[in-house]
Number of protein chains: 2
Amino acid sequence: MSNKYNAVTDQIVERLVEIVGEKYVLYGDAEKLEPFSHDEVAESQYAHMPDCVVRPESTEQIAAIMSLANDERIPVTPRGAGSGLSGGAVPVHGGIVLLCDRMNRILEIDRENLTVTVQPGLVTNEINDALSQYGLFYAGYPMSLETCYVGGNVAENAGGGKAVKYGVTGRYVLGLELVTPTGEIVRLGGKLVKDVTGYNLLQLMVGSEGTLGVFTEITLKLMPLPKSSVDLLVLFRTAKEAISAVPTIMTAGGIIPTAIEFMDQSSVRASCEYLNESIPYQDAGAMLLITVDGAHEQQVEREYESIGELCLENGAIEVYVADNYTTSERIWKVRRNIAEAFKVVSPHQSLEDVVVPIAAIPDMVDGLGEISGRHEVQIPCYGHAGDGNLHATPVMNPAWTLDEWHEKLPRIMEDMYKLTHSLGGMISGEHGIGHKRKKYMNFVVPEASLEMMRAVKRALDPNNILNPGKIVDVNDAS
Amino acid sequence: MSNKYNAVTDQIVERLVEIVGEKYVLYGDAEKLEPFSHDEVAESQYAHMPDCVVRPESTEQIAAIMSLANDERIPVTPRGAGSGLSGGAVPVHGGIVLLCDRMNRILEIDRENLTVTVQPGLVTNEINDALSQYGLFYAGYPMSLETCYVGGNVAENAGGGKAVKYGVTGRYVLGLELVTPTGEIVRLGGKLVKDVTGYNLLQLMVGSEGTLGVFTEITLKLMPLPKSSVDLLVLFRTAKEAISAVPTIMTAGGIIPTAIEFMDQSSVRASCEYLNESIPYQDAGAMLLITVDGAHEQQVEREYESIGELCLENGAIEVYVADNYTTSERIWKVRRNIAEAFKVVSPHQSLEDVVVPIAAIPDMVDGLGEISGRHEVQIPCYGHAGDGNLHATPVMNPAWTLDEWHEKLPRIMEDMYKLTHSLGGMISGEHGIGHKRKKYMNFVVPEASLEMMRAVKRALDPNNILNPGKIVDVNDAS
């Protein structure tokens with residue numbers, strides 16, 4: 001398909017320089033371009049070099065770039081912090097990488113309307129740093145929040161650690177300014193908590209992985225900062241016991257916790273070693289990290305006590321309470337760094353992101369054990385158990401050659417995805433499809449739905465210019 | 001545009017009879033067809049007779065009907081209870097009305113996954129009637145919940161009385177089975193609280209007003225039923241004072257109420273007369289109905305006391321507490337029946353549905369007063385103030401002839417929509433665009449966005465068969 005695109009010539013580079021300035025165009029220097037050939041996906045097979053990288057500073061510059069690229073049939077791949085886990089920001093057909101790092105400002109904190117408007121290149125964590133003084137917060141909490149950009153969160157509809165109670169990124173996106181694949185500037189939504197004025201293009205854009213529009217301004221909904229928050233670290237003998245308690249915690253107590261994170265022993269150990277940290281009892285077979293927050297201390301106390309009791313009735317061997325920021329942050333840091341730690345421990349691994357109905361997670365863990373045994377591969381597991389979203393991570397058997405790993409991994413992933421599908425699940429809860437999972441889409445999504453996705457992509461990007469080769473292939477685009 | 005469609009011939013009727021059975025095809029009887037020529041929009045200019053009405057009982061029958069209609073180029077308009085307020089279920093190009101009243105079952109209550117799966121023709125209120133025994137509830141609460149169908153709620157992305165805290169219908173739609181305009185059966189989503197496996201077609205379908213697919217099964221997310229709920233009836237001297245308190249209630253207390261409903265004096269009076277009800281102090285200039293709910297009585301008590309104090313500090317003359325079901329239901333019934341009551345009082349009126357940022361609602365009320373004065377027309381006002389969503393309702397001046405009203409109303413609506421736009425608002429918060437507001441779309445939605453909507457419609461309904469003439473016109477569909 002890539003042969004229908006044109007190359008980035010010196011003339012094109014000149015025109016890009018005219019748009020953003022010479023300093024902000026990287027071209028012809030393989031060493032400088034290399035970091036933009038991949039994201040955080042470990043496998044090098046998903047990497048691809050861009051022809052050039054441009055770093056616009058305004059909506060108008062992005063519109064000019066898209067217009068040029070559309071006229072000249074050059075693919076454009078938007079990129080944020082490059083912290084993605086599906087190859088979404090990788091320019092698989094070469095062309096232009098459009099880097100949003102210079103558009104990193106908070107444009108407005110509107111305390112009267114409970115909104116914040118930001119540029120896409122802002123580091124997610126900086127939003128709440130700026131808001132806490134006003135007693136407000138943004139509920140998005142991806143595990144990479146210290147490095148990822150909010151534009152990427154919206155493009156991937158990022159989940160994260162607080163989605164059980166607060167939902168995922170899309171719930172908080174009220175407005176978007178974006179540049180279309182043909183270079184037009186469009187505003188969708190606004191500072192409105194409800195709006196049915198036409199099709200919901202706003203939520204179609206959320207999670208579209210940079211294939212339908214380049215976001216240039218994002219308006220997010222804010223909430224009152226909970227005045228009280230407590231974390232429980234709940235230890236279990238086995239992974240199965242821990243995960244089996246989750247559906248009960250979700251349904252029996254009549255309480256919606258903020259988070260229920262699951263970590264098996266190998267996950268906790270890897271992250272603690274990586275951070276040189278020791279959290280209590282890292283030698284338990286598995287643990288749940290459960291957060292409860294609310295406006296009143298007594299209410300939070302009642303809720304965490306009630307959840308703690310439920311855990312003990314359902315096989316927990318110990319419940320530790322972290323009720324101050326320092327201890328909570330230590331535990332959450334261990335949780336947040338598992339993915340990074342595994343990459344150091346085992347560079348040859350595949351971080352997966354399956355999501356199943358919450359009642360099916362014990363069966364999922366059983367099934368993963370069976371796949372692990374059959375393929376003689378370790379599959380450490382952690383993730384957002386309260387959402388049914390598990391980061392099962394097949395790790396190369398040290399006895400294998402790299403060729404064997406590359407040969408066997410697709411079979412392992414196929415088995416995992418078939419298992420997920422049989423339990424009513426999907427192959428990505430929050431990391432996205434991108435380049436990496438595209439070939440597996442038909443394991444879980446019927447052809448009629450795939451064709452609807454292709455039809456939408458063709459309708460909104462007639463020349464297949466914007467981040468082509470992601471989510472679905474649009475075969476007959478011309 | 002309608003001339004490109006074919007007529008419903010006797011042969012077509014025969015084939016429809018083959019699909020659903022003779023008993024379930026209405027044809028050739030104008031009196032029986034008439035109720036399907038309009039919804040709850042008062043103005044008769046938006047009515048249009050169908051050629052026939054079919055009442056399928058299964059997904060397969062709907063697929064067969066759509067396939068036939070697509071092949072024969074006959075428009076199909078899906079219809080639920082007909083309680084819509086934008087002409088969305090009116091067959092403006094004639095053809096087939098596809099009535100979902102026989103598909104009215106609860107298919108599954110899944111207590112382990114906290115979901116309910118229903119057919120589209122189920123009356124919304126019956127969901128919670130069935131769930132309360134399990135301590136669960138569905139958070140959708142449209143004002144017409146005693147009559148409307150849940151399929152219509154999803155098609156319109158209905159808002160309602162609890163959206164301040166719980167959000168609108170779309171937040172709870174986890175899965176859909178639907179029939180496409182070309183007659184294919186597609187499933188989107190599932191019992192999954194997060195899912196980024198491809199484009200968010202699910203939320204594109206929500207609020208698409210029956211123009212992109214006919215919903216045949218709907219999976220909704222459930223929550224633990226709040227154990228405690230209290231309503232405050234807060235009286236103010238004037239509408240302006242009442243509405244001006246809303247942004248403060250939303251932001252100053254750090255509490256998210258379940259509901260903040262606004263009713264001006266004429267709204268309360270009309271509804272009380274209609275119901276032969278008297279709620280305390282209906283003679284106040286305006287009132288807010290504020291609900292607080294939660295898992296713990298003490299917490300709810302603290303929150304409603306805190307909100308009550310805020311109201312008194314911000315101009316309220318009295319705060320009444322309704323802390324039992326009977327009293328609460330009496331007050332809410334008055335609120336729910338305002339629209340019905342106004343239709344009896346003044347058959348010539350236009351129920352509007354503008355939505356603005358919450359901080360802009362005092363300016364909106366001021367602006368409506370100005371428009372009311374300039375056009376010499378009464379505009380009673382009520383609605384979901386906590387969402388910035390106001391049902392301003394111009395009512396024909398009794399001194400005018402009907403012709404004068406029809407001549408003047410478009411000018412009044414244009415002024416209202418321009419005012420809304422100038423405040424950062426949109427023309428529909430929950431009732432939808434349908435037939436009635438289509439011609440006003442370009443007051444608030446730029447051409448580039450309208451073209452994106454048209455492109456999506458063309459992509460998913462190439463023959464413009466499904467509910468044509470709603471939201472946007474697709475001029476070059478062929």
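A salt bridge here is a side-chain nitrogen of Lys or Arg within 4 Å of a carboxyl oxygen of Asp or Glu. Between chain A and chain B the count is four salt bridges. One of them joins the side chains of Glu430(A) and Lys194(B), at 2.7 Å, N to O.

Now the conventions. This is a predicted model, with local features needing pLDDT of at least 70 and side-chain atom pairs pLDDT 80 or more, while totals for chains, interfaces and linings use all residues. Residues are numbered from 1 along each chain as its sequence is written, chains are lettered from A in the order in which they are written, and side-chain values use heavy atoms, without hydrogens and water.

Back to the interface. Taking contact as heavy atoms within 4.5 Å, 83 residues of chain A touch 83 residues of chain B. The buried area, meaning accessible area (1.4 Å probe) lost on putting the two parts together, summed over both, is about 6,400 Å², and carbon and sulfur atoms give 66% of it. On the chain A side, Lys194(A), Val196(A) and Tyr199(A) lose the most area to chain B, together 15% of what that side buries.

Then the arginine. A polar atom of the Arg79(A) side chain does lie 3.2 Å from the backbone oxygen of Pro35(A).

Conventions: A polar contact is a pair of N or O atoms within 3.5 Å; within protein, one must be able to donate a hydrogen and the other to accept it, and residues adjacent in sequence count only if both atoms are side-chain atoms.
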